[in-house]
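Please look at the sequence and the structure shown below before reading on. The report that follows is meant to be read beside them.

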Amino acid sequence: KRNYHKVGVVLMIICIVHYKQKIPESVLRFITSLTGLVTSKIFYIERVQFLALRCEYQQFINADADNSNSINLINNPVSAAINLGLNRNIRQLYAGQENVVGTLDSLESLWLHIVLMDFECSFQVGKPLTIPTTTLDQTIFVEHDLYSGYMIKLIKFLNMARPMQAAIMNPEGQPDLKRYCSEVFNFVKKELPPLNMYTEKQQFQFLQFRDIRLFSLSLQMLLAFVALRFAVYKERSIILKDITVQCSLILLKTSDLMLERCFKMDEKFHPETLVESETQFPPYMCLTLYLTNGLFPRVASVFCPLLYHKITRFETGNLIRDTQEMTTEWDFSTFSVTNPMNISVIGGFDIYCDIVSHFASPEDPRLQKVLERSQYMNVTLAIEKLYRTILKKTLEFRTLTETSWNDKDIELASLDNPQKSRTGSTIENPTSSEAEYPSNNDIQITTFSS
């Protein structure tokens with residue numbers, strides 16, 4: 001009886017830090033064989049570690065940014081961990097066995113990261129959680145005061161995020177998305193570093209990568225909840241527009257700073273990966289996609305349809321004319337999910353285009369060449385360019401329409417709302433915040449522009 005999974009753990013670490021995408025055929029065969037073992041002699045903690053590392057390798061090295069390559073892989077470490085009882089009270093179950101399984105802290109850390117991978121895959125792909133709440137021992141979440149540092153942040157995040165995802169995936173659920181937005185915002189405000197550290201270049205250099213991962217996931221959740229409130233619950237309000245615009249721009253700014261930081265780290269530590277003859281994505285650039293998992297396409301798919309909805313309707317009056325005098329400076333340091341700030345969507349679009357240009361047309365030609373190696377970046381930027389082209393054309397026609405009707409002294413808002421006065425009121429469609437949310441069974445998915 002030999003535990004080959006110890007070798008598997010070492011090999012997966014070597015694959016991540018050394019082989020990267022070019023795994024030797026013999027090593028790949030061994031890893032594949034070890035993954036598929038189904039005998040009764042595989043119940044080792046090292047097997048859980050090996051399978052978890054293989055998932056991390058898939059997401060880190062072969063970053064697809066939507067977890068589609070990890071849908072089936074994630075089932076392996078989850079099943080192995082539950083078979084070994086990691087979903088139960090670890091400190092009680094494995095007390096006195098540290099010489100065999102390792103420290104209890106390491107076991108809890110392993111289990112929490114498997115739970116995080118399960119949540120992340122569920123959220124990005126849109127599938128139910130693999131680890132059901134009924135099988136998850138709550139001791140580690142209730143007694144979180146025993147932990148500190150990143151562990152306490154991770155525990156609080158999972159304790160907040162998993163019930164939200166479970167409620168949304170429940171066909172008979174009635175998720176309170178407005179409350180969810182407030183809870184996510186409070187988590188970011190209380191548990192993570194100040195907002196300006198994610199949007200200011202000088203401060204960003206001092207952030208821990210793990211905090212960036214939780215920040216990105218949290219704001220992506222917030223953006224997803226806002227999109228559901230808009231598209232499914234038909235909610236219309238200034239605060240909803242403000243959250244969408246500000247949250248989208250903050251995420252893009254964070255991703256931009258992350259890209260710049262990681263590219264410089266590759267220049268310093270892995271200059272050989274930046275030569276033109278190299279075809280692999282550099283290690284720290286892979287880290288950018290890994291930590292900001294799904295950020296870029298999610299922002300584009302929420303922000304752009306919302307903007308299209310705004311500029312193709314006339315109930316707000318002169319949308320273009322009223323924003324022509326606005327400054328290009330944007331305040332990334334303020335953010336609220338309860339107090340409306342009446343943010344300009346046109347001004348937000350200008351900032352959006354400016355940040356996206358750092359990805360689509362970077363000033364450094366070497367960065368441009370590196371980004372072209374990533375299929376994910378090529379596909380994402382192509383789709384985003386299509387969004388942007390449509391919006392720019394729509395804005396042109398909106399400008400022509402406003403100019404024409406203003407010359408005739410006709411109130412644009414009267415086209416959509418005859419009762420609206422010439423005073424230029426900025427009150428939008430009232431939200432049905434007091435109405436009872438429909439159940440998931442009654443929901444019919446619609447597009448933003450419907």
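**Basis of the report**

This is a predicted model, in which local features need pLDDT of at least 70 and side-chain atom pairs count only at pLDDT 80 or more, while totals for chains, interfaces and linings use all residues. Residues are numbered from 1 along each chain as its sequence is written, and side-chain values use heavy atoms, with hydrogens and water left out.

**The chain and its core**

The chain has 20 helices and zero strands; these are DSSP runs numbered from the N terminus, with helices (H or I) of at least four residues and strands (E) of at least two. Of its 450 residues, 53% count as buried. Buried means under 20% relative accessible area, exposed over 50%, and partly exposed in between, for a 1.4 Å probe and protein chains only. A contact requires heavy atoms within 4.5 Å. Among contacts between residues at least 6 apart in sequence, 76% join residues at least 24 apart.

A nonpolar core is a set of buried Ala, Val, Leu, Ile, Met, Phe, Trp, Tyr and Cys residues joined through side-chain atoms within 4.5 Å. The largest one has 140 residues, and Ile114, Phe157 and Tyr352 have the most contacts inside it. Helix α14 (residues 238-269) gives the largest share of this core, 14 residues. Apart from residues up to four places away in sequence, Ile114 touches Val48, Ala52, Pro77, Val78, Ala81 and Ile131.

**Two helix pairs**

Two packed helices are described by the angle between their axes and the distance between the axes. Axes are lines fitted to C-alpha atoms, for helices over the stretch in contact, and angles run from 0 to 180 degrees between N-to-C directions.

| Helix pair | Angle | Axis distance |
|---|---|---|
| α2 (residues 25-35) and α3 (residues 45-61) | about 120° | 11 Å |
| α14 and α17 (residues 345-360) | about 20° | 10 Å |

Angles under 35 degrees count as roughly parallel, over 145 as roughly antiparallel, 65 to 115 as roughly perpendicular and the rest as oblique. With an angle of about 120°, α2 is therefore oblique to α3. On the side of α2, the contact is made by Ile31, Thr32, Leu34 and Thr35, and on the side of α3 by Arg47, Phe50, Leu51 and Arg54.

With an angle of about 20°, α14 is therefore roughly parallel to α17. Among the residues that meet are Leu249 and Leu252 in α14 and Ile351 and Tyr352 in α17. Tyr352 is also one of the residues with the most contacts inside the largest nonpolar core.

**Single residues**

Most residues other than glycine have a negative phi. Lys20, however, has a positive phi of about 55°; Lys20 lies in the loop between α1 (5-19) and α2. Lys234, in the loop between α13 (209-231) and α14, also has a positive phi, near 60°. Are these residues buried or exposed? Lys20 is buried, with a relative accessible area of 16%, whereas Lys234 counts as partly exposed at 41% relative accessibility.

Gln220 is placed in helix α13 and counts as buried at 1% relative accessibility. Gln220 and Leu251 are 31 residues apart in sequence and 8.0 Å apart in space, C-alpha to C-alpha. Leaving aside neighbours within four places in sequence, the contacts of Gln220 include Phe123, Gln124, Leu251 and Arg298.
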